[in-house]
Amino acid sequence: MSKKIIKSEITNILFCGIGGQGVLKASEIAGDAAMLAGFHAKKSEVHGMSQRGGSVDSHLRFGKVVYSPLISPKAAHFLVPFAAEEGLPMKKFLAKDGVDLTPFLEKAAAASIDKKFLNTYMLGVLAAYVPAIAYEYWITSLGRIFKRAIDENIAVFKQGFEEAGKK
């Protein structure tokens, strides 16, 4: 997977997975990191079925000025799935030049990433593709949002970041 740098005034990120995987937490961390970087950020969550096992997605948009939290079809710069089967129906949101991070799910499995840290691993992968948000803002946000297992989350985040940096 080749790295792409998105050159747009607004960056659109779509997170998706199933209840209990940390979709909403990951979106919150990414939004916080974007705000620390000086961007205006908006997010929207669909969690009507978010009980453990139900579909969950979260739209995050950040840039100089953002008016709506919702990503239009074919406008997402990044698709960040936590379950491959949940990413399939969301591909309709991916822009023509967007980046689908689904292949990193297999890399996480091959690296024996504990499922409770998959969201943090995928955030690390995403961070490698979003140079507009400095690495230290991601780390600060992890520490601000997570109340437990902070060291473990940071270690897994770094693992995802380094894995994505190989591309």
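Let me start with a definition: angles under 35 degrees count as roughly parallel, over 145 as roughly antiparallel, 65 to 115 as roughly perpendicular, and the rest as oblique. We will need that for the helices.

What you have above is a predicted model, in which local features need pLDDT of at least 70 and side-chain atom pairs count only at pLDDT 80 or more, while totals for chains, interfaces and linings use all residues. Residues are numbered from 1 along each chain as its sequence is written, and side-chain values use heavy atoms, with hydrogens and water left out.

A few more terms. Helices (H or I, at least four residues) and strands (E, at least two) are DSSP runs, numbered from the N terminus. Two strands pair if DSSP finds at least two bridges between them. Axes are lines fitted to C-alpha atoms, for helices over the stretch in contact, and angles run from 0 to 180 degrees between N-to-C directions.

I will take the sheet first. It is an open sheet of five strands in the order S2-S3-S1-S4-S5, with mixed pairing. Strand S2 (40–46) and strand S5 (94–100) are the edge strands, each pairing on one side only. On average, neighbouring strands of this sheet are turned by 20° against each other, direction ignored.

Now strand S3, residues 55–63. With S2, S3 pairs in the antiparallel sense over seven bridges. S1 and S3 also run antiparallel, and nine bridges join them. Which residues stand opposite Arg-61 in S3? Lys-42 is one of them, and Asn-12 also stands opposite Arg-61. S3 is mostly covered, with eight of its nine residues buried; buried means under 20% relative accessible area, exposed over 50%, and partly exposed in between, using a 1.4 Å probe and protein chains only.

Next, what packs on the sheet. Helix H1 (residues 23–36) touches strand S1 (10–18), S2 and S3, and its direction makes about 5° with that of S3. Contact here means heavy atoms within 4.5 Å. Ser-27 is in helix H1. Is Ser-27 buried or exposed? Its relative accessible area is 0%, so Ser-27 is buried. Leaving aside neighbours within four places in sequence, Ser-27 is in contact with Phe-15, Lys-43, Ser-58 and Leu-60.

Helix H4 (residues 118–129) lies across S1, strand S4 (76–81) and S5, and runs at about 160° to S4.

H4 also meets helix H6. The axes of H4 and H6 come within 7 Å and cross at roughly 45°, and H4 and H6 are therefore oblique to each other. The crossing of H4 and H6 is right-handed. For handedness, a crossing is left-handed if the near helix is turned anticlockwise from the far one by less than a right angle, and right-handed if clockwise. On the H4 side, the contact residues include Tyr-121, Leu-123 and Val-125; on the H6 side, they include Val-156, Phe-157 and Phe-161. The residues of the contact of H4 with H6 divide into ten nonpolar, six polar and one charged. In that count Ala, Val, Leu, Ile, Met, Phe, Trp, Tyr, Cys and Pro are nonpolar, Asp, Glu, Lys and Arg are charged, and the others, Gly among them, are polar.

The other helix pair is H5 (residues 135–145) with H6 (residues 150–165), whose axes come within 10 Å and cross at roughly 150°. H5 and H6 are therefore roughly antiparallel to each other. The crossing of H5 and H6 is right-handed. Tyr-135, Trp-138, Ile-139, Leu-142 and Gly-143 of H5 make the contact with Ile-150, Ile-154, Phe-157, Lys-158 and Phe-161 of H6. Those residues divide into eight nonpolar, one polar and one charged.

Ala-149 is in the loop between H5 and H6. Ala-149 has a positive phi of about 50° although it is not a glycine, and with a relative accessible area of 33% it is partly exposed. Ser-112, in the loop between helix H3 (103–110) and H4, has a positive phi of about 55° although it is not a glycine. At 62% relative accessibility, Ser-112 counts as exposed.

Pro-89 lies in the loop between helix H2 (84–87) and S5. Its relative accessible area is 45%, so Pro-89 is partly exposed. Pro-89 and Cys-16 are 73 residues apart in sequence and 9.9 Å apart in space, C-alpha to C-alpha.
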